[in-house]
Amino acid sequence: MMNKIEHIGIAVKSLELAIPQYEKLMGISSYKQENVASEQVKTAFFKIGANKIELLEATGPESAIAKFLDKKGEGIHHIALDVDDIRAEMRRLEAEGFVLLNKLPKRGADNKLICFVHPKDTHGVLIELCQEITEGTDD
Ligand code: CMX
């Protein structure tokens, strides 16, 4: 089951510049900053009601964020949907013909198992499935 939009990911050139700007915009502080070495990104999270905004800066030239910034510039990079059972959703989407960008769930930022769906299958929007990791979650 898909529950809600968990977060919107925004690619930025510099977290140092973007964090204070988003803090000013929303009148709140970023509650978490995290380096995700496997994705070559540094992230900063903001809570806004039931949803979140994730700012993403590339930490290496091979990062998906570095490629995105080169091609499209700063802006919305992905929309993340919260799911109860990521493996079940991955099986369902694969059976529906969606191309999944990782075959197994992987650990992402903010204590989540994640999987990306190719933007070509979703009318140009990169979709991330994410499931909160709790005690007993297989990964
Ligand atoms: N949103 C929409 N379209 C995108 C996109 C994005 N974020 N990133 C790339 N595209 C487009 C490209 O512009 C390209 O379009 P055209 O064919 O019209 O030019 C198309 O998707 C395919 O691009 P590609 O050259 O085949 O592949 P890329 O090397 O650009 O990789 C993608 C694109 C989505 C497959 C790759 O970025 C990926 O695997 N992403 C998943 C992982 C990720 O994004 N990690 C960073 C975030 C981590 C986190 O949230 O913690």
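Select Lys120 and the ligand. A polar side-chain atom of Lys120 lies 3.0 Å from an oxygen atom of the ligand. That is a polar contact: a pair of N or O atoms within 3.5 Å, where a pair within protein needs one atom able to donate a hydrogen and the other able to accept it, and residues adjacent in sequence count only if both atoms are side-chain atoms. Taken alone, the ligand exposes 960 Å², and the protein buries 71% of that. Accessible areas come from the Shrake-Rupley method with a 1.4 Å probe, and for residues only the protein chains shown count as cover.

Before moving on, a word on the model. It is predicted, so local features need pLDDT of at least 70 and side-chain atom pairs count only at pLDDT 80 or more, while totals for chains, interfaces and linings use all residues. Residues are numbered from 1 along each chain as its sequence is written, and side-chain values use heavy atoms, with hydrogens and water left out.

**Helix H1**

Select residues 15–26. This is helix H1, with 12 residues. Helices (H or I, at least four residues) and strands (E, at least two) are DSSP runs, numbered from the N terminus. At 1.5 Å a residue, H1 should span 16 Å, and its end C-alpha atoms are 16 Å apart, which agrees. The expected span is 1.5 Å times one less than the number of residues.

Which residues of H1 are buried? Colour Leu15, Ala18, Ile19, Tyr22 and Met26. Buried means under 20% relative accessible area, exposed over 50%, and partly exposed in between (1.4 Å probe, protein chains only). Look down the axis of H1: its buried residues fall within an arc of 105 degrees, so they line one face of the helix. The arc is that of the directions from the helix axis to the C-beta atoms. Turn to the face away from the buried side. It carries the exposed residues Glu16, Leu17 and Lys24.

Now show strands S1 (2–11), S2 (32–36), S3 (41–48) and S4 (51–58). The buried residues of H1 pack against these strands. Contact means heavy atoms within 4.5 Å.

Check both ends. Ser14 caps the N-terminal end of H1, with a side-chain oxygen 3.3 Å from the backbone nitrogen of Glu16. Just after H1, Gly27 takes a positive phi of about 70 degrees.

**Glu57**

Go to strand S4 and pick Glu57. At 14% relative accessibility, Glu57 counts as buried. Its side chain reaches the backbone nitrogen of Leu15 at 2.7 Å. Beyond its neighbours within four places in sequence, Glu57 is in contact with residues including Ser14, Leu15, Gln40 and Ile65.

Gln40 lies in the loop between S2 and S3. Most residues other than glycine have a negative phi. Gln40 is not a glycine, yet has a positive phi of about 50 degrees. At 27% relative accessibility, Gln40 counts as partly exposed.

Jump to Asn111, in the loop between strand S6 (106–108) and strand S7 (112–117). Its phi is also positive, near 60 degrees. Asn111 is partly exposed, with a relative accessible area of 32%.

**Helix H2**

Select residues 64–72. Ile65, Ala66, Phe68 and Leu69 are the buried residues of H2. Down the axis of H2, they fall within an arc of 165 degrees, so they line one face of the helix. The face turned away carries the exposed residues Asp70 and Lys71. The buried residues of H2 pack against S1, S3, S4 and strand S5 (75–83). At the start of H2, a side-chain oxygen of Ser63 reaches to within 3.0 Å of the backbone nitrogen of Ile65.

**Helix H3**

Last stop: residues 86–95. The buried residues of H3 are Ile86, Glu89, Met90 and Leu93. On the other side of H3, Arg91 and Ala95 are exposed. The buried residues of H3 pack against S1, S5, S7 and S8. Asp85 caps the N-terminal end of H3, with a side-chain oxygen 3.2 Å from the backbone nitrogen of Arg87.
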